[in-house]
Every structure is written in C-alpha cells, then in structure tokens.
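Subject: Structure handover

Hello,

Here is the structure you asked to look through. Please open it alongside this email; the notes follow below.

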Amino acid sequence: MWGSSLLISPILEKNATKLDFYLPEGIWFDFYQKPAETTTISRQNSMSILVALNSSLEAHGLLYWDDGETRNSYELGEYLLVEYSAKGNSLNVTGHFGKKVLKSSFYKGAIEQVRIMGLSKPPKRIIIDGSYILSNKQYHWNYDTMVLDLKLILIPLGRKTELQWQF
C-alpha cells in the first residue's frame with residue numbers, strides 16, 4: 001500500500017505475463033498509468049486526475065506540483081496544491097498557489113482529462129461550473145468497466161471549478 005488508497009503491485013520479472021497478489025477486502029479499481037522514465041518526460045503528458053469513488057460515492061485527493069527542479073520549492077512558495085473532492089454527483093477542483101510563482105508556469109496549468117470510477121450508470125449530461133455542458137465528444141462511458149472518461153476539457157488549476165453529472 002502507498003498511503004491509504006493506492007495498492008501497487010509491480011511486475012518484477014522480465015517478460016512476465018501474469019501477476020499474483022493479495023487484494024484486501026474493499027472496492028478496488030484497475031488503474032494503469034502511461035509510463036515515463038523521468039519527471040521531465042512525464043510533464044509532457046497532459047494533466048489528468050483519477051477519481052475513484054468509494055461506496056458512499058465520495059473521493060478526496062491532493063496533488064502537490066512543483067517544477068521538479070527547484071530545491072526547497074515548498075519553502076520558497078514555488079508550488080501548486082490542487083485539492084479535489086467528489087461527493088454524490090459532483091466534483092470540485094481547487095488550486096492553491098504557494099507564496100509566489102516566479103519561475104514556473106503553474107498559472108498556465110490545466111487538467112485536460114478526468115477519469116471517474118465507481119459510478120453505477122452513465123450520466124446523461126455533464127456540466128462545468130453550472131453553465132458549460134460537455135458535448136458527446138468530450139466524455140465517454142465504458143459499459144464494461146463502468147468508467148467515465150472526460151477529455152478535451154480545460155480545468156484551470158488556479159481557481160475553483162465544479163463538475164456535475166446528471167442521470
């Protein structure tokens with residue numbers, strides 16, 4: 001376990017095609033992350049968040065983000081802390097900047113994809129900030145995995161944004 005919510009079972013043998021591991025009781029989701037060998041390469045991918053709802057349809061998470069190069073980023077205030085909280089049929093994303101943002105481009109940052117796991121049925125409509133309705137090209141419901149993928153969206157990291165899904 002990494003923290004209270006993430007179970008990592010790495011494949012340690014070359015050319016392995018099967019992995020046996022212990023899975024504690026609870027709700028679990030299969031999550032695959034596009035591999036990247038360095039922070040620099042990873043930062044070239046679009047930013048996304050994964051929301052894994054529990055049995056009460058809630059999820060909470062924090063993302064700490066700095067430039068990956070500046071020493072003592074936290075102490076210098078060169079960071080961004082993104083908080084997300086899902087409950088019922090909504091997700092709130094709020095970005096909190098450190099003391100200052102000098103060298104970084106955090107103000108340009110945006111979440112471009114959201115994956116929501118744990119819904120029991122597909123939503124009929126998804127709305128951002130109470131007014132922008134996503135088109136069918138911006139979201140996809142996978143009936144096999146019961147996963148909702150939002151794409152081609154821009155959630156600015158420097159302010160509060162609310163996503164709602166309606167059934």
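A patch, as used here, is made of residues with over 30% relative accessible area and no salt bridge, and nonpolar side chains are joined into one when they lie within 5 Å. Please keep in mind that this is a predicted model.

The surface. Ile11, Leu19, Phe21 and Leu23 make a nonpolar surface patch of about 360 Å². One of these residues, Phe21, is found in the segment before helix 1 (39-42).

Strands of a sheet pair through backbone hydrogen bonds, either parallel or antiparallel. In this model, six strands form an open sheet with antiparallel pairing, and their order is 2-3-4-11-6-7. Strand 2 (58-65) and strand 7 (132-133) each have a single partner strand because they stand at the edges, so one side of each has no neighbour in the sheet.

Inside the sheet, strand 3 (residues 80-87) and strand 4 (residues 90-97) run antiparallel and are joined by eight bridges. Here Ser85 stands opposite Asn92 of strand 4.

Further along, strand 6 (residues 125-128) is joined to strand 11 (residues 161-166) by four bridges, and to strand 7 by two. Ile128 faces both ways in this pairing: it stands opposite Leu163 in strand 11 and opposite Tyr132 in strand 7. Strands 6 and 7 form a hairpin with three residues between them. In that turn, Asp129 has a positive phi of about 55 degrees.

Regards

Technical notes. Residues numbered from 1 in each chain as written. Predicted model: local features only at pLDDT ≥ 70, side-chain atom pairs only at ≥ 80, totals over all residues. Heavy atoms only, no water. Pairing = 2+ DSSP bridges. Patch = residues over 30% accessible without salt bridge, like charges linked within 9 Å, V, L, I, M, F, W, Y side chains within 5 Å. Areas by Shrake-Rupley, 256 points an atom, 1.4 Å probe, with all protein chains shown as cover. Salt bridge = Lys/Arg side-chain N within 4 Å of Asp/Glu carboxyl O.
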